[in-house]
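Reader: Could you walk me through one part of this model in some detail? I'd like to hear about the aromatic rings.

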Amino acid sequence: MTRARTAKVALAVAASSSCAMGAYHFFLPSMFHWDAFVKKIPGVIQWALFSINFFFSFLLLAGGILTFVALRRLHRSLPPDRGVLLAMAGFWIVNTLYQLLIPMPLPPKLWLLHLVLLGYGVVATLAYVVSLAATNRT
């Protein structure tokens, strides 16, 4: 596979995974009925919890869309915005490390979810790192 093709595939995987996770997080609070679990905490903390999730969702979705823009630039034989790719790679690296160092406290019956979420982070990280390496002009 050529370097350009590798970069395009990696960018497509990176953009798709970031957009999918960002979009999913918009619906996460209602899917898991967060409101039922936060009734006993102060209203300002409830607001903060939901707003942080919403802002996170937006930023991750925006980063994924900008990654698609980088892919479009590459298809036009233009250099992608490496700053966006570096920032998104950094996000997924930190996400993966955080999951390794501070695992989500899940019930034992959901142990597989740890592997799925960690694997998702690893795939997204690798996609961004590979795209950066494949688009490196040095």
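Is Phe55 buried, partly exposed or exposed?

Author: Phe55 counts as partly exposed, at 47% relative accessibility (buried is under 20% relative accessible area, exposed is over 50%, partly exposed is in between, with a 1.4 Å probe and protein chains only). A word on the ground rules: this is a predicted model, where local features need pLDDT of at least 70 and side-chain atom pairs count only at pLDDT 80 or more, while totals for chains, interfaces and linings use all residues. Residues are numbered from 1 along each chain as its sequence is written, and side-chain values use heavy atoms, with hydrogens and water left out.

Now the rings. Phe, Tyr and Trp (its six-membered ring) pair if their centres lie within 6.5 Å; planes under 30 degrees apart are stacked, over 60 edge-to-face, and the rest tilted. That rule gives six aromatic pairs. One of them is Trp34 with Phe50, a tilted pair at 5.9 Å centre to centre and 45° between the planes. Trp34 sits in helix 2 (residues 34-37) and Phe50 in helix 3, so this pair ties together parts 16 residues apart in sequence. Helices here are DSSP runs (H or I, at least four residues), numbered from the N terminus. Phe50 itself is partly exposed, with a relative accessible area of 29%.

Back to your residue: Phe55 pairs with Phe54 edge-to-face, at 6.3 Å centre to centre and 80° between the planes. Phe54 is partly exposed too, at 45% relative accessibility. Finally, Phe56, Phe91, Trp92 and Tyr120 form one aromatic cluster.

How values were computed
Helices (H or I, at least four residues) and strands (E, at least two) are DSSP runs, numbered from the N terminus.
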